[in-house]
Amino acid sequence: MPLSTYHLRTSIAVSDIQKAVAFYEGKLGLQVLESGPSADIAEGSRVYGSGGGPALNVYQSVTAGKSQATLATWYVDDIDQIVDELVSAGVTFIRYDQFEHDAKGICARAGGGRIAWFQDPDGNTFALEADV
């Protein structure tokens, strides 16, 4: 059975669910759709909505922050505005030596458009992308 017909949700491991809640809800402004246990941790997970449906599962785990790859990307219309709003909320954008970034930390994306990266408190990396 092909998986392309099913909804996909990204799961992100965090070391401390309360720190994660402060970041994902407080700084990113994500709305929690549901909460529940993570293994033996009561209320150790959250499901956040994005783009009109459940999109991001955040759960407490000892495996938090182990990946150096970008784990999820938000595709936005106005990357400058979103970066400004997130910086105002306390989000820090990261810069990679191999790319040329503007003053906000945004750089050209391969194939056109623009991209910027940030991390949660565990070092999980996320991106914002825009076609212009």
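User: What makes a residue buried, partly exposed or exposed?

Analyst: Buried means under 20% relative accessible area, exposed means over 50%, and partly exposed lies in between, with a 1.4 Å probe and protein chains only. The model is predicted: local features need pLDDT of at least 70, side-chain atom pairs count only at pLDDT 80 or more, and totals for chains, interfaces and linings use all residues. Residues are numbered from 1 along each chain as its sequence is written, and side-chain values use heavy atoms, without hydrogens and water.

User: Why does Phe126 count as buried?

Analyst: Phe126 has 0% relative accessibility and therefore counts as buried.

User: Why is the pair of Tyr24 and Tyr48 called stacked?

Analyst: Rings of Phe, Tyr and Trp (its six-membered ring) pair if their centres lie within 6.5 Å; planes under 30 degrees apart are stacked, over 60 edge-to-face, and the rest tilted. The centres of Tyr24 and Tyr48 are 5.9 Å apart and the planes stand at 20°, so this pair is stacked. Both Tyr24 and Tyr48 are buried.

User: What makes the pair of Trp74 and Phe126 tilted?

Analyst: With ring centres 5.7 Å apart and planes at 45°, the pair of Trp74 and Phe126 is therefore tilted. Trp74 lies in strand β5 (residues 70-75) and Phe126 in strand β9 (residues 125-130), 52 residues apart; strands are DSSP runs of E with at least two residues, numbered from the N terminus.

User: How do you know that β3 and β4 pair, and in which sense?

Analyst: Two strands pair if DSSP finds at least two bridges between them. β3 and β4 (residues 53-60) share 6 bridges in the antiparallel sense.

Notes. Helix = DSSP H or I, 4+ residues; strand = E, 2+ residues; numbered from the N terminus.
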